[in-house]
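Try each one yourself before you read its solution.

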Amino acid sequence: MQLKAMIDQFTLRECKNNKDVLELKIKSLEFAIEQSEGMINESQMNSDSLKFLRRKKAQSQQDLELLYLIKNGKSI
């Protein structure tokens, strides 16, 4: 299964052109991933809900990696 980035083209363009937007988006994703990890670790959710949350966390991590590439000046 291949995960698709959740970041839209407009946001990617803004992140490339504005370091403040880039940093804000990175911090936002880092926080969301951290919160998701806490929810997963402490969760008593049903199996389907946990799968959904893990998939969203994985997509967020993929988006974060993409933003780190932008931050480090790599072309995407």
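**Exercise 1.** In what order do the elements of the protein chain run from the N terminus on?

Solution. Start at the N terminus and read along: the order is α-α-α. Counting by type gives three helices and zero strands. Here helices (H or I, at least four residues) and strands (E, at least two) are DSSP runs, numbered from the N terminus.

A word on the source: this is a predicted model, where local features need pLDDT of at least 70, side-chain atom pairs count only at pLDDT 80 or more, and totals for chains, interfaces and linings use all residues. Residues are numbered from 1 along each chain as its sequence is written, and side-chain values use heavy atoms, with hydrogens and water left out.

**Exercise 2.** Compare the span of helix α2 with its expected span.

Solution. First, take the extent: α2 covers residues 19–42, which is 24 residues.

**Exercise 3.** Find the buried residues of α2 and what they pack against.

Solution. Apply the cut-off for buried, under 20% relative accessible area (1.4 Å probe, protein chains only). In α2 this picks out L22, I26, L29, I33, S36 and I40. Then look for their partners by contact (heavy atoms within 4.5 Å): they pack against α1 (9–17) and α3 (47–71). For the whole protein chain, 28% of the 76 residues count as buried.

Conventions
The expected span of a helix is 1.5 Å times one less than its number of residues. Buried means under 20% relative accessible area, exposed over 50%, partly exposed in between (1.4 Å probe, protein chains only).
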